[in-house]
Amino acid sequence: MKQSLAQIIASLKYLPNRRPEMVLTGGAEEAFAEVAPTRDGAVYVGHYSGESEWERHSAGDELVLVLEGETTVVLKVGQSEEQVTLREKELVVVPAGVWHRFVSSKNLKVLTVTPQPTEHRITDA
């Protein structure tokens with residue numbers, strides 16, 4: 001089904017201070033929307049600044065595309081952390097099973113193709 005990405009993004013409520021604990025306490029829902037289902041998950045968009053909790057997707061890779069703004073995706077690879085800074089029109093593919101989070105996000109409009117299920121953690125992965 002055809003979707004207007006611009007209309008969906010315009011309907012989001014900007015979240016100026018995303019924090020990891022919001023995954024437990026709520027308060028971030030209006031800054032995110034599902035665009036369309038996919039075979040193993042969905043396409044999502046979000047509009048926020050701040051940082052996210054840790055997450056991983058055991059069933060497949062996640063594509064992260066910055067539409068506007070910037071962010072740093074922190075990937076937990078073994079015992080070390082790898083940082084990937086993304087700006088407008090840049091993307092990264094997060095491999096299946098890799099813990100990751102978003103930090104230093106500034107006026108980020110992001111599109112993800114996210115497989116399910118998703119695991120979340122607030123503390124270091």
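This is a short walk through one protein chain, from its overall fold down to a few residues.

Keep in mind that the model is predicted.

Let's start with the fold. The protein chain has 2 helices and 9 strands. How are they ordered along the sequence? The pattern reads α-β-α-β-β-β-β-β-β-β-β. The radius of gyration is 14 Å, close to the 14 Å that the globule rule gives for 125 residues, so the protein chain is as compact as a globular protein of that length. For the outline, look at the C-alpha trace. Along its principal axes it spans about 40 × 30 × 30 Å.

What share of the 125 residues is buried? The figure is 42%. The protein chain exposes about 6,900 Å². Carbon and sulfur atoms supply 51% of that area.

Now contacts. Take the ones between residues at least 6 apart in sequence. Of these, 73% join residues at least 24 apart.

On to charge. The protein chain carries 13 positive side chains and 18 negative ones. How far apart are the centres of the two sets? They lie 3 Å apart.

Let's zoom in on the aromatic rings. A pair of aromatic rings is described by the distance of the centres and the angle of the planes. Here the count comes to 1 aromatic pair. The partners are Phe 32 and Tyr 48. Their rings sit 5.6 Å apart, centre to centre. The angle between the planes is 40°, and the pair is classed as tilted.

Where do the two residues lie? Phe 32 is in strand S2, residues 32–37, and Tyr 48 is in strand S3, residues 41–50. So the pair ties together parts that are 16 residues apart in sequence.

Tyr 48 has 1% relative accessibility, so Tyr 48 counts as buried.

You will find Lys 109 in strand S8, which covers residues 99–115. Is Lys 109 buried or exposed? Lys 109 is buried, with a relative accessible area of 18%. The cut-off for buried is under 20%, which is why Lys 109 falls in that class.

What does Lys 109 touch? Leave aside residues up to four places away in sequence. Then the list holds Ile 9, Gly 46, His 47, Leu 65, Val 66, Leu 67 and Glu 68.

That's the tour.

How values were computed:
Residues numbered from 1 in each chain as written. Predicted model: local features only at pLDDT ≥ 70, side-chain atom pairs only at ≥ 80, totals over all residues. Heavy atoms only, no water. Helix = DSSP H or I, 4+ residues; strand = E, 2+ residues; numbered from the N terminus. Rg over C-alpha atoms; globule rule 2.2 N^0.38 Å. Buried < 20%, exposed > 50% of the residue type's maximum accessible area, 1.4 Å probe, protein only. Contact = heavy atoms within 4.5 Å. Areas by Shrake-Rupley, 256 points an atom, 1.4 Å probe, with all protein chains shown as cover. Lys, Arg positive; Asp, Glu negative; His and termini not counted. Charge placed at Lys NZ, Arg CZ, Asp CG, Glu CD. Phe/Tyr/Trp six-rings, centres within 6.5 Å; stacked < 30°, edge-to-face > 60°.
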